Amino acid sequence: MMRRVLAVLAGLLLLASSTAAVAAPDGPGSRVRGWTLLSDSEAGAGEVIAATAEHRINHLQLSHDIVHDLREVKEPARRAQVNRLTGLAHRSGVAEVVVWDHSLYGLSYYPERFRTGPGGTIDLDNPAFWEWFRQDYRTMLDLVPDIDGLTLTFIETGARVENQHSTRLRTAEQKLAYLVDQVADVVVEERGLNLYLRTFGYYPAEMARTIGAIDLVTNRQVRVMAKEVPHDFFLTHPNDTTVARIGRPTLIEYDTAGEYNGQGKIANAMPESHVDRMRYYRTLPNVIGYVARTDRYRESRIVGTPTEINLYGLARADADPSVQTWQIYREFAAKEYGRPAAARVGRALSRSREIVLSVLYSLGTNNANHSKLDYEPYCSSYHRSVSGKWIDPPEVTVGHGVNRRFHYWKDIVDTIAPVSCKTDGVLRREAPHVLDNGWVTPRNKMDLTYLGYLVAEKEHGIRLAEESLADIVAAERMLAPEHFRQLRAYFERTVLTARLHHAVTKAYYGYRVYVRGPEHQTAELRRTIWSGLDAAKELAARIRSYPDPAASGEWNWVVDAAQAGTYHTRISQGWDRYGGIAVPRP
């Protein structure tokens, strides 16, 4: 660790003496190499910014808990932090610092005199509104004078502009584009800053509408930022093919912190996931670089942890597109943990993707609510987040000890999804063809065959996690004590998580079979369910008492123990949404 700190300090000293050490994003032939800070932890932000030189970062975004809406800079504490971090980043050699924004804000933010449309909506045809709107942006930008641009979410915002009144702007795309041009008039034309538009959509038609709106934006200097996948950051989603249709300079946003994939608390060191996508995006002439998320709130930053390999992998592949994944694992392990331990540490880290796909995903669909144990009632796992929405035909081959090809809807969702998630209206709104084709039906179809698939998949994840932990234990004598403690905890948490998901899978999905009727309520199934309940109870106690539960963040790893207890109560005493049926101990 000391070796790494000294290297970072040396890099900062070099940057202080030579501003050419990191090329500006707008420099001749340069590419954008960016990171995003979500957490408002001051110390954490400093640690991340200190590491930017090592990874040749020239672009930094301040988002979420630092500034989500530009209006937040009117708060003195927020404004002060934005200005401090902007100055620190610039002094560290980062050429471009960009803050996040959403527009429109909530309807009540805008003066009542402009809300004269039907139902109290804003009259977009009133020139006075847009004069007020542009002046508000000038006022806000004056408060953060050293920033270099905005990243703007212009869809799915508080007072959605497409829902406001206009007789002149007749379509949602026209309203969205006009809004962007008003922001660009101030940000780009008056202030000379960059403006990046975030794309987003819950389903293909919504993504098409977003791209259509971008096509109508008249300011040609406006840029775009698109996620590495459509919708949200799931490993099973395909590349975002809409990026090729964007006729503007485009940044690709990568979730190296793993919002749905472990958030750095368990093994999610999987650079191949991001590097493989980067190789595709580098073939597109409009793609000008990348930006990677470095945390998931509070103290969850991945800099200084094994998951930092995701950041290292992107930087390495950006510099050398021909680099191989095995090189990334071996190089990072040698650099961070020493050459003698590199082979074992690299091998342990390299199992991360397969572990996560076996533990936090079930048969190719993520069913961990932002990495949390939450099989039901969190419904997005079974409709909104299903990768089959973006794949044609919607099929997936699942290895992980299962080794079968499935249809996402007819096989996976129709079988493992609870009825409440099939009938809550989301499928009808976001993927109506699924219902029209009869691929998903309003019945509980969970059966023993699929229970076997799910259990086998979790057992596969346990085996891999235990193998990685064994590699770290075998490397103990080759590792510095602090490195060994860090890596052992990383994989011990992974093993405990894999075992807990295995136990709850047996109990929950077994229960879903059990409640189908008396013919399913066999002694063998009761034994399966109770073996899961008993194991979950024992594992929950171990998780609660584990001495290194990982840094704070969105996913509180220890809370999964309480969630396991909730399933124990529901199943052993009777779950009201399943008619209060309880499973007696065999």
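Which residues does I266 touch, not counting residues up to four places away in sequence?

Analyst: The structure is a predicted model, in which local features need pLDDT of at least 70 and side-chain atom pairs count only at pLDDT 80 or more, while totals for chains, interfaces and linings use all residues. Residues are numbered from 1 along each chain as its sequence is written, and side-chain values use heavy atoms, with hydrogens and water left out.

Leaving out residues up to four places away in sequence, I266 touches L360, Y490, R493, T494, T497, W555 and W557; a contact here means heavy atoms within 4.5 Å. I266 itself belongs to the loop between β7 (250-254) and α7 (271-281). Such helices (H or I, at least four residues) and strands (E, at least two) are DSSP runs numbered from the N terminus. I266 counts as buried because its relative accessibility is 2%; buried means under 20% relative accessible area, exposed over 50%, and partly exposed in between, with a 1.4 Å probe and protein chains only. V356 is 90 residues away from I266 along the chain, yet their C-alpha atoms are separated by 8.7 Å.

One of the partners of I266, T494, deserves a look of its own. T494 is part of helix α17 and counts as buried, because its relative accessible area is 2%. With residues up to four places away in sequence set aside, T494 touches I266, A267, I355 and A465.

Apart from neighbours within four places in sequence, L62 is in contact with L37, V67, V82, L85, T86, V97, V98, V99 and W100. In strand β2 (residues 59-62), L60 and L62 point one way, H59 and Q61 point the other way, and all are buried. In a regular strand, side chains alternate between the two faces of the sheet.

Strand β2 has partners on either hand, where two strands pair if DSSP finds at least two bridges between them. Strand β1 (residues 32-37) pairs with β2 in the parallel sense over four bridges, and T36 stands opposite Q61. From β1 the chain crosses through helix α2 (residues 42-50) to β2, a right-handed β-α-β crossover; right-handed means that, with the strands pointing away from the viewer, the path from the first strand over the helix to the second runs clockwise. Within α2, the residues G44, A45, V48, I49 and A50 are buried.

Strand β2 also pairs in the parallel sense with strand β3 (residues 96-102), over four bridges, and L62 has V99 as its bridge partner in β3. A right-handed β-α-β unit is made by β2, helix α3 (residues 76-91) and β3. Five bridges then join β3 to strand β4 (residues 149-153), which run parallel; H102 has T153 as its bridge partner in β4.
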